Amino acid sequence: EAPGVESAVKMLRAIGDDELPDLSGQRVCVIGGGNVAMDVARELMRNADDLKERTDIPDNVYEGIKANKAKTLHLFIRRGVAQAKFSVQELREMEKLPGVQLIINEDDFDLDDDTIEEAGKDKLTRQMVEELFTIREMAEDMEDDGDTDFEGNPADRKYYIHFNSAPVEVLGEDGKVKAIRVEKTSADGKMTRTGEFEEYPVQAVYHAIGYKPATAPGIAYDERRAHLANANGDGRITTEASGEGAQVRERLYATGWAKRGPVGLIGSTKSDALLIVTNMLEDLSKAAEGGRVAADRDPESIDRLLASRGVKPIDFAGWKKVDAFERAEGAKEGREHKKVIDPEQMRALAHA
């Protein structure tokens, strides 16, 4: 509850807002072994000017990131190298942070044959582990070259990656975060506590250790798996989370994390969407009406419906107007692009 302990998701959403947390701490830590943890750690280690030059961020986001004073970051992951849940793309983004030295504990990479064999059974896990070993080599080169970044330039920020490290307590002083106590866990992926503790001085703690998808009024919730109750994971909403009394409810479906809980990446969500649409069409074909279709099959019928309701969507031609404006604004500052973030301004540009 101490000031300085923040949700990683809240922090990412707050960048550029008036509610941005205090970013004055020079020593910070992130807790988590997935892509959200990787995202927030990467933003905390970014150089605002470099980000402004390379991306289309607007001024408020630039000012928000510029307020960050973090110079040392610790990423704590409870499980081992072979059990983390990072995507390869996230790891490659981490490798290319200007001015940042990556630092690892070589002991974390002493994997036994059984662990390596198990990791190799899944393609994505195998690719992740291979990329992590690449990062280990990069970290060694950075140290050997005199504490440099990935391009060999002097690094002014340090990014420590700790596997098999379970945070157990946030330590405070005068109502502020002072340090975090971490317990070493076993390297077999079972997170067995070892009784070995270490304290790291930090001024802020960002946690990305799980997310509970929201409930929906009138729909049963599977508390154990943290998702809306659905039949055998096929997305069809049921009256109960489990048991013989669970009956499928007509015309109600869940997809994404609402269907399977807080696991999986964008690719998993795409697969979910395909499954749900397939199930919807299957159920429609079996419906008592034999599957109804709209009476008005004119391709422009949706446009007329929206117009009758006073809804004026932005089409591709409108998007190109917005894009042209963003490029013109970026060119004024020597940038390729500068993002428009105000919805009213975006609509005005698109419909001009």
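Which residues in α11 meet Gln345, Met346, Leu349 and Ala350 in α12? I looked them up and found Gly318, Lys321, Val322 and Phe325, where contact means heavy atoms within 4.5 Å.

**Ground rules**

I noted that this is a predicted model, where local features need pLDDT of at least 70, side-chain atom pairs count only at pLDDT 80 or more, and totals for chains, interfaces and linings use all residues. Residues are numbered from 1 along each chain as its sequence is written, and side-chain values use heavy atoms, with hydrogens and water left out.

**Confidence**

I checked pLDDT, the predictor's confidence in each residue, from 0 to 100. The chain has a mean of 90, and 97% of its residues reach 70 or more. A reminder to myself: where pLDDT is low, predicted coordinates should not be read in detail. Helices (H or I, at least four residues) and strands (E, at least two) are DSSP runs, numbered from the N terminus.

**Helices α11 and α12**

I went back to the pair I began with. The axes of α11 (residues 316-331) and α12 (residues 343-350) come within 8 Å and cross at roughly 115°. Axes are lines fitted to C-alpha atoms, for helices over the stretch in contact, and angles run from 0 to 180 degrees between N-to-C directions. So α11 is roughly perpendicular to α12; angles of 65 to 115 degrees count as that, under 35 as roughly parallel, over 145 as roughly antiparallel and the rest as oblique. By class, their contact has five nonpolar, two polar and one charged residues (nonpolar: Ala, Val, Leu, Ile, Met, Phe, Trp, Tyr, Cys and Pro; charged: Asp, Glu, Lys and Arg; polar: the others, Gly among them).

**A three-stranded sheet**

Last, I followed an open, antiparallel sheet in the order β6-β7-β8; two strands pair if DSSP finds at least two bridges between them. β6 (165-173) and β8 (193-201) stand at the edges with a single partner strand each, so one side of each has no neighbour in the sheet. Six bridges join β7 (residues 176-185) to β8. I also spotted arginine 181 opposite glutamate 199 in β8.
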